[in-house]
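Please read it with the coordinates open.

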Amino acid sequence: MMRHSLLWLSEQKQVFRFVRGNPLARKFAHRFVAGETIDSAVQAARDLNGRKITATLDLLGESITEAGQAAAARDTYLQMLDAIAKAGVQSNVSVKLTQMGFDISEDLCLANMSAILDKAKAHGSFVRLDMESSAYTQRTLDFFYQKLHPTFGNTVGVVIQSALRRSAADVDLLIEKGVRVRLCKGAYLEPADVAFPDKADVDKNYVMLMERLMERGNYPGLATHDQVILERAKAFAAQQKIDPSRFEFQMLYGVRRDLQDQLRGGGYNMRVYVPFGTQWYPYLMRRLAERPANIAFIMGNVVKEAVGR
Ligand SMILES: Cc1cc2nc3c(=O)[nH]c(=O)nc-3n(C[C@H](O)[C@H](O)[C@H](O)COP(=O)(O)OP(=O)(O)OC[C@H]3O[C@@H](n4cnc5c(N)ncnc54)[C@H](O)[C@@H]3O)c2cc1C
C-alpha cells in the first residue's frame with residue numbers, strides 16, 4: 001500500500017514542483033543523490049575509488065518532452081565523460097532513453113545517443129541504458145539491437161528486470177549476442193500480466209537469471225542489495241569455479257555501504273551507481289518506495305543535523 005502510494009507520487013509532476021523548493025526535502029534527497037553538479041558527482045566517484053569501488057554516474061531526469069531539454073541533457077553527458085577522463089576516476093555512465101528524447105522522436109534520440117557513445121568510445125568508456133517501465137522494454141531493446149549495438153558494440157549495454165515475465169527470453173538472446181547486461185529486480189509499478197505480483201517470484205527469477213548470466217554472460221552487473229541473493233551469487237561462483245573477475249556487484253549510492261565494503265574486501269568487483277542533478281524527485285520516491293523505513297531513517301538524520309547533534 002505504502003509502496004504503491006510512493007510510486008504513484010513519484011510520477012506526479014505538480015508534487016515535484018512543490019517538493020523541489022522545500023529545504024527539508026532537499027536534505028532528504030542528499031541521502032541518495034550525490035549533489036547537483038558534475039563536480040559533486042566526480043567527487044563522489046573519487047571517494048568511491050578511494051574505497052576501491054568503481055562508479056557509474058547518472059544525470060537524473062527522465063520523460064523529457066522538449067528537444068531542447070534532451071539536448072541539454074546530452075551536453076551534460078558529454079561534459080561528464082570529459083570530466084571523468086580528466087579526473088582519471090574509474091567510472092562509466094548510465095543514461096535513460098526518455099531523457100534523450102525517446103518520446104519525442106527516435107531519430108532525435110539516436111542523434112543524441114550517438115554523440116554520447118562516440119565520446120564514450122573515444123575515452124574507452126562504457127554507457128549503460130537504464131531500463132524504464134515495462135511500456136519501454138520492447139522499444140528500448142529494439143532500439144538497442146537495431147540502432148546502437150551494430151554501430152557501438154559493447155561500448156553500450158542494457159538492463160534487465162527480474163520482475164518482468166519476459167526477462168528469461170531477453171536474457172537468453174542478450175547472452176547469445178554477447179551483450180553486457182545489468183540485472184536488477186525492477187523499480188516500477190507494473191501490471192500483473194507483464195510482471196510477477198509476488199516478490200518471492202521476482203527474487204526467484206532474479207536468482208535464475210543471475211546464474212545464467214554468471215555462467216554464460218559477458219561481464220554481468222549484478223545490481224542488488226539483497227543479502228540472501230548476494231550470498232547465493234558468491235556460493236554459485238565458488239561452486240561453478242567462476243572467477244570473480246567475470247562479473248561485478250552493483251549497488252546504489254547511499255544504500256548498504258557496509259555491504260559494499262564487505263564485498264570489495266572479499267575480492268569482488270563492486271560498482272556504485274551515483275545519481276546527481278536537480279531532477280531528483282522521482283528517483284528519491286522510488287528509493288523510498290523500496291524501503292519506506294528510509295523515511296524514518298532520513299527524518300531522524302535531518303532532525304539530528306537540525307539540532308546540531
Ligand atoms: C546499480 C543499480 C542500478 C539499477 N538500475 C535500475 C534500472 O535501470 N531500472 C530499474 O527498474 N531499476 C534499477 N535499479 C533498482 C532496482 O530495480 C531495485 O528497485 C532496487 O535495487 C531494490 O532492489 P534490491 O535488489 O536491492 O532488493 P530488495 O528486495 O528491494 O531489497 C533487499 C534489501 O536491500 C536493502 N535495500 C533495498 N533498497 C533499499 C533502499 N532504497 N534503501 C535502503 N536499503 C535498501 C534492504 O535491506 C532490503 O531488505 C537499480 C539498482 C541498482 C543497485
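Predicted model: local features only at pLDDT ≥ 70, side-chain atom pairs only at ≥ 80, totals over all residues.

The points below take the strand pairings in chain order and then turn to one helix.

1. Strand S2, burial. S2 covers residues 91-95, and five of its five residues are buried. Both faces are covered. Ser-91, Val-93 and Val-95 lie on one side. Asn-92 and Ser-94 lie on the other. In a regular strand, side chains alternate between the two faces of the sheet.

2. Strand S2, neighbours. S1 (residues 54-59) runs parallel to S2, and four bridges join the two. Within that pairing, Thr-56 has Asn-92 as its bridge partner. S1, helix H5 (residues 67-87) and S2 form a right-handed β-α-β unit. S3 (residues 127-129) also pairs with S2 in the parallel sense, over three bridges. Here Val-95 is partnered by Leu-129. The chain gets from S2 to S3 through helix H6 (residues 106-122), and this β-α-β crossover is right-handed.

3. Strand S5, burial. S5 (residues 181-184) is covered on both faces. Val-181 and Leu-183 are buried on one side, Arg-182 and Cys-184 on the other. Note the buried arginine, Arg-182.

4. Strand S5, neighbours. S4 (residues 156-161) and S5 run parallel and share four bridges. Val-158 sits opposite Val-181. Helix H8 (residues 167-176) carries the chain from S4 to S5 in a right-handed β-α-β crossover. With S6 (residues 221-223), S5 makes two bridges, again parallel. Leu-183 faces Leu-222 there. Helix H9 (residues 199-216) links S5 to S6, and this β-α-β crossover is right-handed.

5. Helix H10, geometry. H10 (residues 227-239) has 13 residues. Its first and last C-alpha atoms are 18 Å apart, close to the 18 Å expected at 1.5 Å a residue.

6. Which residues of H10 are buried? They are Ile-229, Leu-230, Ala-233, Phe-236 and Ala-237.

7. Helix H10, ends. Asp-226 caps the N-terminal end. One of its side-chain oxygens lies 3.1 Å from the backbone nitrogen of Val-228. Just after the helix, Lys-241 has a positive phi of about 55°.

Conventions:
Residues numbered from 1 in each chain as written. Heavy atoms only, no water. Buried < 20%, exposed > 50% of the residue type's maximum accessible area, 1.4 Å probe, protein only. Pairing = 2+ DSSP bridges. Right-handed = clockwise from strand over helix to strand, strands pointing away. Expected span 1.5 Å × (residues − 1). Polar contact = N/O pair within 3.5 Å; in protein donor to acceptor, adjacent residues only side chain to side chain.
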